[in-house]
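Good morning, and thank you for coming.

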Amino acid sequence: MKPIFVRGISNQFRLTLAVILSVILLVANDRLDPARDALSSLLSPLQYVASFPGQLLDISAENLATRNMLAKQNKTLLRKQLLMSERLQRFEFLRQENERLRALLGSPVHMDAKKMVAEVMEVASDPFHQYVVLNRGKKSGVFVGQPVVDAQGVVGQVTQVSELTSRVLLLSDVSHAIPVRLTRNDARFVINGTGVLDELELRYVSKSTDIRVGDLLVSSGLGKRFPEGYPVARVMSVIKDDGKSYATVTAQPLAALDRIRYLLLLWPDPNDEVALEQSNIDSNDLNKALADTEPSSDSAASVKQDSEVNQ
């Protein structure tokens, strides 16, 4: 006769086994990166297959658009094109004026860097991490740390690359930070993600800092990761509590992080890299020249000894 209640594995043994497995995973975490990359490259075709029904539905929905809707959209686009043409004419004048000013100051002109359009294939389902998967990978020249923007502003940066796909960490993720500056007074800050798609925060902002609601924050270019001048966020609230050492500043990202579909991958400007290398070379030459002209301790001692003998 079988007993009614069968005693299973004890809870203490289960806890010990879980702790041992956790320690093993923590120690072997860095060594598993090649396996993760290989697995990601292996699963890339499956991601394409999984996204195919959604793309098919999108194509069907676009083909079912009525003629009146297309005509209305056409009129709207024509009006926008006219407005953008007028702005482009003014921007052309400003560009020429900027070139003249840079020529007077001896500053190099920033040329248009390489860009590439990518489509979002997958959105993160993990509530603790915010990222998207793009349909561009190593074959397209994508690299880790590459900045990503959309039509409104900065979206994030590439954190993982496989042969056909890449993962972009959104700037709203709690582990993401980007150096920014205030367009009104050029004050510099570091903006951090909060885990909420439409909310960012500026930490360690002094209460005496001139920052207001509605101020625009753009990338400062510090860190050489994000190009300078791309819109990032707009200040939404500034709270200066007497009980706290710093002001509480929150901002809203300009990029539509909750409905992104097409993104733009940016490559660094070659002129910026050449200028950086040239500045490094010049600083090294200057340090070498200073080292050559500085008198050594032996020569200084001999000069001191000669002066004492003469006295």
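This is a predicted model: local features need pLDDT of at least 70, side-chain atom pairs count only at pLDDT 80 or more; totals for chains, interfaces and linings use all residues.

Let me start with the overall picture. The protein has 311 residues, of which 24% count as buried. Its secondary structure consists of 5 helices and 12 strands. The exposed surface comes to about 22100 Å², with carbon and sulfur atoms supplying 58% of that area. If we take the contacts with a separation of 6 or more, 58% of them join residues 24 or more positions apart.

The largest nonpolar core contains 40 residues, and the members that touch the most others are Phe189, Ile191, Leu202, Leu217 and Leu265. Strand 4, residues 154–161, gives the most to this core, namely 4 residues. As for Leu217, its contacts beyond four places in sequence include Phe189, Ile191 and Leu202; Pro231, Val232 and Ala251 are also among them.

Finally, let us consider Leu263, which is found in strand 12, residues 262–266. Is Leu263 buried or exposed? Its relative accessible area is 2%, under the 20% cut-off, and therefore Leu263 counts as buried. Which residues does Leu263 touch, not counting those up to four places away in sequence? They are Met116, Val117, Ala118, Val120, Val132, Leu134, Val148, Val149, Asp150 and Val155.

Key:
Residues are numbered from 1 along each chain as its sequence is written. Side-chain values use heavy atoms; hydrogens and water are left out. A nonpolar core is a set of buried Ala, Val, Leu, Ile, Met, Phe, Trp, Tyr and Cys residues joined through side-chain atoms within 4.5 Å. Buried means under 20% relative accessible area, exposed over 50%, partly exposed in between (1.4 Å probe, protein chains only). Helices (H or I, at least four residues) and strands (E, at least two) are DSSP runs, numbered from the N terminus. Contact means heavy atoms within 4.5 Å. Accessible areas come from the Shrake-Rupley method with a 1.4 Å probe; for residues, only the protein chains shown count as cover.
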